[in-house]
Every structure is written in C-alpha cells, then in structure tokens.
Amino acid sequence: MSDQVLLLVNAAAAIIGIVASITWLKFPPVFALLLGTLYLGVTTKLGFAGTPKAISDGFADVMGDIGVLVTFGVILGALLTVTNTMQRLVEAMLRLFGERSVPYVFAAALSSLFSSIYSDVLLVLSAPLARRLGPKLGDRGLAMMGGALTAGIEVGLVFVAPGVAAVAIAGILDVPLGQMFLLGLAVGLPTALLTMFAFQLLLPVMGWNAKLDEIDVGDGFDANGISDRAVDEGTPSAADGQAGDTAAQTGDTASQAGGIATATTTEPKVRELNLFVSITPVLLTLVLIAGGALAQAAGWEADVITFVTDPVVAIFAGAGLAFILASRVRQRAEISSAIGTALTSCGPILVLSGISGSLGFVIEGSGMADMLGSAFRSDFLPPLLLVWIVAAILHIALGSITVAGITAAGILAPIAGTLGVPVVLVALAAGSGALFLPHVSSNFFWMFQSLLGFSTRGTFKTHSGAMTLASLISLPIILALSTVL
C-alpha cells in the first residue's frame, strides 16, 4: 500500500473514530477528538516522538489566540443577563416597531447585539418573551417566534464575534477578530432576516397544526423555565444537565443557564439602569473591534490605536464596563455567581478549541495538508462549498453546531490559506455548514422543545427548519462575498 493511500486510510479512520466515539460510544467530544488526534499522529510520519509536541503546540497556539477572548466574551454576556439588558432592549424595540415585526426584531437583535451571551442562556432568557408574544401573531405565531429564536441565537453564535463559536473558529483559522466581526455581521444579519422571511413563507406549506405541533404547557414551568410536562414525558431538558450546542455536549451548561436566569429574577433588585447605559458595554466592545479592522484597512498604525482596538483589550473593556454598571444595581454576590457560572461554562469550549488546534497541527505535520489542499482545489466545486459540506456532514453526525464548526476549522486550518479565497470566508463557510439540519442528536434541540412548548414534530419544523434555511441562505451570501473580496 502506497504512503498516500495509507495516510488517507488512517485519516479516514481517525475522523470516523471521532464521530463514532461521540455518537455511538457517547464519549465527551474532548476525549474523542484527542483520541482521534493521537491515532492520526502516531500512524503517520509524526510517529510516537513527534505527536505529543504537535498536540501541545497546536493547543497552545489556539489558546493563545482565543483564551482571553472567549473567557471575557462569555463574562460580558453573563453580566448583560444580570442587568436584564436583552429583555429590556427587545421590549423597547417591540414598542418602537410594533407587534407585527416581533419575529424580525428578535432575529435581528439576538443575532447581532447579543452574540456574546451563551446560546443556551440566551434561549432561557428569550423563550418566555417568545411564548408570551407568539399568540398575539395568530395561529402560527408561536412557530414564528420559535423560528426567530433559532435564526437569531444560532446565526449570532457562528458568525458574529464575540459569539463563542465565531471566536473559536476565527482563532483556529488565524482570522483577525475585527474581520470576523465585520464580515460575520455582513453575513449574519441578512441571513437572520432573510431566514425569517423565507420561514414565514414556508410555514403554511409545512402544514403547521397547533394541536399536533404545540404542547399546552400552561403555567407548568419549573424554576428553570422548563416545561413540567416535557420532564414528565422523559424529554431531555436543562434540568437533566443537557446543555445547548455552545456547551459542546460536555457539561451542565443548561442547568447553569437556568441558574443565571433564576438569579436575575429572584434576587432583590436595587434599580434598573437606563437602557442605553446598560447596552454601552456591548456597543463599546463592537465599536472597538470594528474600529481595529477599519484602522488596519486604512493603514493607521499608531501604537495607541492598535492597543485600544485590539480584540483582547476591546472585550476586556466591555466586560469591565459591564461589571461596573452591574455593580451599581445588583448585589455583589449575584454578580460573582454569574461570573463564576460563565467561567465554568466557557471551559469546555476552550478545551475543545485547543484540541481542534492540535488536530490541525497533526494534520499539517502528518503530510496530509497537501492532499487536502489538492482535494479542496477541485475544478468541480468551489472550495467554500466543499468547506460548507465538510461542516454540514460533521454537524449531522455529531449533533452540535459548536463541535462541528470547531472540528471543521481544525481539519481545514493547515490548508485554509491555500484555497484562493480569504481565510475569513473559510471561517464563515464552516459556520454556515455547521448550521445545517439539526436533529434529535442535538441537546439544544430538546432544550428548545421544552422551553418553547413544541412537540418533537413541531421542533423539527421550527428549529430544524429555520436553521437549515439559515445554512442554505448564508452560503450564497458568502459565495457572493468571495467574488468581491
């Protein structure tokens, strides 16, 4: 057997082993990824001597890029939940734009302004609003709100920094975070709005039937906002510790999310911040990150500008301002609890991202990068479409957006700069593919069902349908960007 064929066989065995370990053997993704990476390393030219160093170097490289960004991004999101910023802003936008625009307001706000809030936390916080407003939109109103939550939360997660998946994918592929934010917003916001438009048109075709697609949960929600009926029926829920996609199937993030949501309602309130003031930490962070990208494009190289607009400084500044503002209106114990939960929640993402970086270094050291590069420079399909396909297949197999996007980035990292397209578009294409066709293997699927009060059939129509639309709508937007960048 030739060396190239043997390399392909070992690479296929490693990837299939990773997927099988997660889906069949129920290994935590971090174990499965590291096991597959070790196998690929020792069965290629890296061997027993070179594999550990490649793993360590890859892990350190990625963690150096994203460690602080993910940590303080998640802390920023947690502090925004403490001050009820998301709920208050959405309600203000609804008063401004009217009830008929409710789904579009949700999709736009969740995908652009609140991507730093952990996706399962964001779902816990926004689901009660969606359930309250859905009936006002007619017989299919709750379905529309479900689609809006999916389009907003998950699109923001993978495209718009400082969403944890967007930051992790950008870090693995060495994409400047300013670029990821600007182009991610250029893809994410239109995707969220167009997804809602297409979903609204297709919903009658899907044959929405409230008697079959919705569950009458009444007031039967527990302290975490989970449907009592869903728990009674044995549906996996946040109460079981089933985290959303952003937890990468590794921990009890959903129950932690419930803890944050509960803390904001059960602790005594001192007073509320002015709405504009409460959102300034988000605006400060986004303006600084975007300003850095624009300054770089304009050739402004002053040290002060470079320092102030560095993503690490920008996210730290936003989180610091959010802490100061929260301290004015909330008890310190509540703030400390939210930060502690955020630190616990972001750990799995950091470890998973680091090991995906290790996978990329092992692929490069094994000699497989050249073969992958040739495969992705196919004359038959655009490279960005191939990137999308890889991430989509991984998502269908693994059941987690974050795991799929990060794993795809790790596989593609050694060749991303050789595909003839800007690397930032490779990152966005990986995120787009990772949205495709969520189903029952996704923990977020069940959490979504419980919180919104849908049957499994209704969850397929809303969550799976809207996310698949978002994946298919974002891809041509990314391909169009590739023609002008």
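Figure 1. The model is predicted: local features need pLDDT of at least 70 and side-chain atom pairs count only at pLDDT 80 or more, while totals for chains, interfaces and linings use all residues. Residues are numbered from 1 along each chain as its sequence is written, and side-chain values use heavy atoms, with hydrogens and water left out. Helices (H or I, at least four residues) are DSSP runs, numbered from the N terminus. Because 9 of the 9 residues of helix 8 are buried, the helix is largely enclosed by the rest of the structure. The buried residues are V164, A165, A166, V167, A168, I169, A170, G171 and I172. Buried means under 20% relative accessible area, exposed means over 50%, and partly exposed lies in between (1.4 Å probe, protein chains only). After helix 8 comes D174, which has a positive phi, near 60°.

**Figure 2. The largest pocket.** This pocket holds about 440 Å³ of space. Its lining has 23 residues, and those closest to the centre are P176, L177, G178, D310 and P311. A pocket is found on a 1 Å grid over the protein atoms alone, as an open set of points where a 1.4 Å probe fits, with protein on both sides within 12 Å along at least five of seven lines; a cavity is a set of points from which the probe cannot get out, and lining residues have an atom within 4 Å of a point. Grid points are joined across faces, edges and corners, and a volume is the space filled by probe spheres set on the points. At least two lining residues come from each of helix 3 (47–82), helix 8 (164–172), helix 9 (177–202), helix 13 (275–298), helix 14 (303–308) and helix 15 (311–329). Helix 13 gives the most, with 5 residues. The lining of the largest pocket divides into 14 nonpolar, 7 polar and 2 charged residues. In this division Ala, Val, Leu, Ile, Met, Phe, Trp, Tyr, Cys and Pro count as nonpolar, Asp, Glu, Lys and Arg as charged, and the others, Gly among them, as polar.

**Figure 3. The second largest cavity.** The count is 6 cavities of 30 Å³ or more. The second largest cavity holds about 50 Å³ of space. Its lining is made of A11, A14, I15, I18, G36, L40, L359, I363, M368 and I411. Helix 1 has the largest share, 4 residues. By class, 9 residues of this lining are nonpolar, 1 is polar and none is charged.

Figure 4. Side chains of opposite charge can pair when their charged atoms come close. A salt bridge is a side-chain nitrogen of Lys or Arg within 4 Å of a carboxyl oxygen of Asp or Glu, and the model has 6 of them. In the salt bridge of R88 with E272, the closest N and O atoms are 3.8 Å apart. R88 lies in helix 4 (residues 85–97) and E272 in the loop between helix 12 (253–266) and helix 13, so the pair ties together parts 184 residues apart in sequence. R88 is buried, with a relative accessible area of 19%, whereas E272 is partly exposed, at 33%. A network of salt bridges links R88, E272 and R330. E91 and R132 also form a salt bridge, at 3.6 Å from N to O. Because E91 lies in helix 4 and R132 in helix 6 (residues 119–133), this pair ties together parts 41 residues apart in sequence. E91 is partly exposed, with a relative accessible area of 26%, and R132 is partly exposed, at 46%.

**Figure 5. The salt bridge between K461 and D213**. The closest N and O atoms of this pair are 3.1 Å apart. K461 in helix 22 (residues 456–482) and D213 in helix 10 (residues 210–213) are 248 residues apart, and the pair links distant parts of the chain. Both residues, K461 and D213, are buried.

**Figure 6. The loop residue T418**. T418 sits in the loop between helix 19 and helix 20. T418 is partly exposed, with a relative accessible area of 42%. Its side chain reaches the backbone oxygen of I415 at 2.7 Å. The C-alpha atoms of T418 and S374 are separated by 9.6 Å, and the two residues are 44 residues apart along the chain.

Definitions and conventions
Polar contact = N/O pair within 3.5 Å; in protein donor to acceptor, adjacent residues only side chain to side chain.
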